[in-house]
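Student: Hi! Could you walk me through this one while I have it on my screen?
Tutor: Happy to, let's take a look together.
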Amino acid sequence: MEQQEVKKVIFSGIQPSGDLTIGNYLGALKNWVKLQGEYDCYYCIVDLHAITVKQIPKDLRRRTFEVLAIYIAAGIDPEKNTLFIQSHVPAHSELAWNLNCNTYMGELSRMTQYKDKSKRYGNNIAAGLFNYPALMAADILLYQADLVPVGADQKQHLELTRDLAERFNNAYSPTFKIPEPYIPKAGAKIMDLQDPTKKMSKSSDNPNSYILIMDTPDVIRKKISRAVTDSIGIVKYSDEQLGVKNLMTILNVITGKTFDEIEKYYQGKGYAEFKKDVGDAIINELEPIQKKVKELLDDKKSLEEIYKKGAEKANYVANKTLRKVQKKIGFIPIK
Ligand code: AQP
């Protein structure tokens with residue numbers, strides 16, 4: 001009999017909290033594509049996370065569809081991976097509650113993402129924003145994920161996930177796999193075009209600070225031409241030129257050209273030519289994706305079939321973990 005290969009499990013997700021940026025694409029999606037095949041990947045659209053800040057219902061619906069279409073258009077094969085919408089798997093909320101009851105206020109208040117985001121919302125900070133890491137832990141632990149691709153900004157949340165899993169395993173008996181961070185070889189952090197000390201973020205108030213995956217060529221050219229650089233005038237990968245460094249990173253991730261090659265090529269040339277090439281590279285990279293996204297969005301039925309199939313598989317796996325947890329903590333199962 002042929003032995004079935006057991007692949008390591010990967011879980012990752014993107015919030016439909018804004019239209020996706022090239023940060024989401026170059027920092028996450030492009031790497032996710034490379035992982036399919038080698039790993040058993042669960043790629044989720046984390047709508048429960050998106051509502052930790054206020055969302056307009058019709059925008060949330062539109063974006064959730066669009067994010068699914070972007071996953072597929074970027075090259076994530078729905079046959080090889082489990083693509084699903086988080087709210088279609090109620091086990092996420094149920095395990096999150098349980099984990100919340102085992103998470104300390106002190107642990108949550110140390111999270112830097114909470115500290116950063118809560119500054120933006122003044123006195124109207126939702127409790128969900130504070131509890132977000134327990135939901136993220138539930139997302140990962142439900143699928144017994146071995147690996148979680150994380151950017152630097154999410155490392156702290158993954159550490160907490162590991163602590164919560166160990167706490168539960170020690171208090172009851174081994175239940176959760178302890179997940180490891182997966183740092184992609186070609187990981188890139190794309191910075192805000194207007195303030196390159198901050199990461200590019202889809203929920204920024206300034207549209208010039210990001211490029212959306214669905215931006216038109218004209219808009220992309222304009223935003224790149226307005227990107228903050230410096231008065232040094234030399235294309236160099238240096239911490240003294242964060243704006244230029246960021247544009248070089250974008251060019252490097254898209255074209256595969258090394259920083260050395262880029263520096264040599266632009267010797268004696270101005271920022272205008274450099275920026276034009278960066279804009280063109282982004283436009284060329286995004287064009288086929290945008291075309292495919294539009295086709296997919298015109299065929300909602302197929303998208304519905306994909307997320308239904310994903311939800312079936314995700315529910316099956318997640319419920320198995322959830323039932324174990326419920327039994328161990330003393331909940332009475334329905335006979
Ligand atoms: N600028 C970025 N550079 C590299 N990777 C990025 N990611 C996001 N921005 C960049 C990666 O995208 C994945 C999903 O992110 P998310 O939507 O769950 O939330 P986020 O990291 O908080 O992204 P945003 O755009 O900043 O969202 P908002 O503004 O809603 O908070 C992650 O793998 C992340 O590393």
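Student: How far apart do the C-alpha centres of domain 1 and domain 2 lie?
Tutor: They are 30 Å apart, and bear in mind that this is a predicted model. The contact draws on 13 residues from domain 1 and 14 residues from domain 2.
Student: Okay, and which residues belong to each domain?
Tutor: Domain 1 is made of 9-183 plus 300-329, while domain 2 runs over 207-294.
Student: What area is buried between domain 1 and domain 2?
Tutor: About 1200 Å². Carbon and sulfur atoms contribute 80% of that buried area.
Student: How many salt bridges are there between the two domains?
Tutor: One salt bridge is counted there. As for charged pairs, the side chains of Lys30 and Glu285 form a salt bridge, with an N to O distance of 2.8 Å.
Student: And how many residue pairs are in polar contact between domain 1 and domain 2?
Tutor: Four, with both residues at pLDDT 80 or more.
Student: Which elements give two or more residues to the domain 1 side?
Tutor: Those are α1 (22-35) and α3 (57-73), on the side that touches domain 2. The largest share, five residues, comes from α1.
Student: What's the make-up of that side by class?
Tutor: The side of domain 1 touching domain 2 has nine nonpolar residues, one polar and three charged.
Student: Switching topic: what does UniProt annotate at residues 16-24?
Tutor: The unreviewed UniProt entry lists a short sequence motif there, the 'HIGH' region.
Student: How much helix and strand does the chain have over residues 16-24?
Tutor: That stretch is 33% helix and 0% strand, and its end C-alpha atoms are 11 Å apart.

Terms used: Residues are numbered from 1 along each chain as its sequence is written. This is a predicted model: local features need pLDDT of at least 70, side-chain atom pairs count only at pLDDT 80 or more; totals for chains, interfaces and linings use all residues. Side-chain values use heavy atoms; hydrogens and water are left out. Domain bounds come from an automatic or database domain assignment. Contact means heavy atoms within 4.5 Å. Buried area is the accessible area (1.4 Å probe) that two parts lose on being put together, summed over both. A salt bridge is a side-chain nitrogen of Lys or Arg within 4 Å of a carboxyl oxygen of Asp or Glu. A polar contact is a pair of N or O atoms within 3.5 Å; within protein, one must be able to donate a hydrogen and the other to accept it, and residues adjacent in sequence count only if both atoms are side-chain atoms. Helices (H or I, at least four residues) and strands (E, at least two) are DSSP runs, numbered from the N terminus. Ala, Val, Leu, Ile, Met, Phe, Trp, Tyr, Cys and Pro count as nonpolar, Asp, Glu, Lys and Arg as charged, and the others, Gly among them, as polar. UniProt positions are given in the numbering used here, feature names are shortened, and annotations may be inferred rather than shown by experiment.
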